[in-house]
Amino acid sequence: MRRTVALATVATAFAGSLAGFGGQATAVSNGTAPRVSQASSQAAGCVTVVRWYNKRFNRMVEVKNSCARTACFSVTVAARRDPDFSIGRNRKESFAYGGVAWTKGSGIKNKAC
């Protein structure tokens, strides 16, 4: 009796998992699969860091936007809220992201505007 119940449970679980995979396969073949938003994929590599430096009492980052549209980014600063910025298309510009008492920025994150 226990063996029969165990086999029935395994068969039900196996059939359910096959049905789940089959449903996903038809969704992919129909073109209804979830897609990554176009804005986030375009924001992937637009803004790059040219250099980090100090200017008087500010920490500065010089960035370059290589895309033909306005791009948004944030500077990653440890133990602080990351400041957000935007830069015009095909430009190189400097931004002050904190005072000299702040920790140095460790990188930037491209974001969708």
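This is a predicted model: local features need pLDDT of at least 70, side-chain atom pairs count only at pLDDT 80 or more; totals for chains, interfaces and linings use all residues.
Residues are numbered from 1 along each chain as its sequence is written, and side-chain values use heavy atoms, with hydrogens and water left out.

Let's begin with the sheet. In what order do the strands of the open sheet come? There are 3 strands, in the order β1-β2-β5, and the pairing is antiparallel. When I say strand, I mean a DSSP run of E with at least two residues, numbered from the N terminus; helices would be runs of H or I with at least four. And two strands pair if DSSP finds at least two bridges between them.

Back to that open sheet, β1-β2-β5. The edges are β1 and β5 (92–99), each with a single partner strand, so one side of each has no neighbour in the sheet. From one strand to the next, the twist averages 25°. For that angle, axes are lines fitted to C-alpha atoms (for helices, over the stretch in contact), and angles run from 0 to 180 degrees between N-to-C directions.

Now zoom in on β1 and β2. These two run antiparallel, joined by 8 bridges. Among them, valine 49 has valine 63 in β2 as its bridge partner, and lysine 55 has asparagine 58 in β2.

What sits at the turn? The hairpin has 2 residues between the strands, and arginine 56 takes a positive phi near 55° there. Keep in mind that most residues other than glycine have a negative phi. Arginine 56 is in the loop between β1 and β2, and at 72% relative accessible area, arginine 56 is exposed.

Alanine 79 is another one to look at: its phi is near 65°, positive in a residue other than glycine. You'll find alanine 79 in the loop between β3 and β4, exposed, with a relative accessible area of 86%.

On to charges. How many salt bridges does the count come to? The count is 4, where a salt bridge is a side-chain nitrogen of Lys or Arg within 4 Å of a carboxyl oxygen of Asp or Glu.

Start with arginine 51 and glutamate 62, whose closest N and O atoms are 2.7 Å apart. Arginine 51 is in strand β1 (residues 47–55) and glutamate 62 in strand β2 (residues 58–65), so the pair links parts of the chain 11 residues apart. Buried or exposed, where does glutamate 62 fall? Glutamate 62 is buried, at 13% relative accessible area, whereas arginine 51 is partly exposed at 43%.

Next, lysine 109 and aspartate 82 meet in a salt bridge at 3.5 Å, N to O. Lysine 109 lies in strand β6 (residues 105–111) and aspartate 82 in the loop between β3 (71–77) and β4 (84–87), so the pair ties together parts 27 residues apart in sequence. Lysine 109 counts as partly exposed, at 42% relative accessibility.

The last pair I'll show is arginine 91 with glutamate 93, closest N and O atoms 3.7 Å apart. Here arginine 91 is partly exposed at 44% relative accessibility, and glutamate 93 is partly exposed at 26%.

Definitions and conventions: Buried means under 20% relative accessible area, exposed over 50%, partly exposed in between (1.4 Å probe, protein chains only).
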